[in-house]
Amino acid sequence: MRDTKSSRLLVILGIMTFLASGDNYSAAPLLLDISGDLGIGFGQATLSVTAYMLAFGLFTILFGPLGDRYGKTRILKYASFGTAVFSCLGAASFNLPSLILCRAVNGAFAAGIFPIAIALVGESIGKEQRQKSIAKVMGMMFLGTASATAIGGLIAHIGSWRHVYLAYGIAELALAIIMLKAL
């Protein structure tokens, strides 16, 4: 793969893993606000995190074979659009069941981003740059995780918990549109 094309791929995958990981882990500082806004207990609000993580865990094992069968870039595009749409829909949740549904479907789509991104790097980057490239994408993913509570807390402080999911969703959607042309 040409160096410019490789660099573009790494930037896109790095940003998408950053956003998807942030979308996942930004929920922690939001739970009190979610419980207050939806008129539910804190323990009930945590079910939205559980729904996301369960779906994420279950669907991670599905996306590898799907990527092999239908193409990694195709599955990555679907997963990126899916997580973007359901993050935005999560911002519009009106009760606990709607939030749980949106977060579970969001988690299911997000599960396709990480394994497919790493597999795509593995098959697209030459052997001499492969490990460094995988480390860059994974580094962005972990940076998204590490910064998510701060980003989520800041956005929620300025606006509300809904703005956090909406901000991640819009950013993921913008990148998913870019992926249509770039990948």
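Mentor: Start with a definition: the expected span of a helix is 1.5 Å times one less than its number of residues. Keep in mind that this is a predicted model.

Trainee: How far apart are the end C-alpha atoms of helix 3, and what should its 29 residues span?
Mentor: At 1.5 Å a residue, the 29 residues of helix 3 should span 42 Å. The distance between its end C-alpha atoms agrees with that, at 41 Å.

Trainee: Which residue just after helix 3 takes a positive phi?
Mentor: The phi angle there is about 105 degrees. The residue is Gly71.

Trainee: Which helices do the buried residues of helix 3 pack against?
Mentor: The buried residues of helix 3 include Ala45, Tyr52, Phe56 and Phe63. They pack against helix 1, helix 2, helix 4, helix 5 and helix 6.

Trainee: Which residues of helix 6 are buried?
Mentor: Helix 6 has 12 residues, 113-124. What covers its buried residues includes helix 1, helix 3, helix 4, helix 5 and helix 7. The buried residues are Ile113, Phe114, Ile116, Ala117, Leu120, Val121 and Ser124.

Trainee: Which element gives the largest share of the largest nonpolar core?
Mentor: That core has 45 residues, and Leu13, Val121 and Tyr165 are among those with the most contacts inside it. The elements giving two or more residues to it include helix 2, helix 7 and helix 8. The largest share, 8 residues, comes from helix 1.

Conventions: Residues numbered from 1 in each chain as written. Predicted model: local features only at pLDDT ≥ 70, side-chain atom pairs only at ≥ 80, totals over all residues. Heavy atoms only, no water. Helix = DSSP H or I, 4+ residues; strand = E, 2+ residues; numbered from the N terminus. Buried < 20%, exposed > 50% of the residue type's maximum accessible area, 1.4 Å probe, protein only. Contact = heavy atoms within 4.5 Å. Core = buried A, V, L, I, M, F, W, Y, C linked by side-chain atoms within 4.5 Å.
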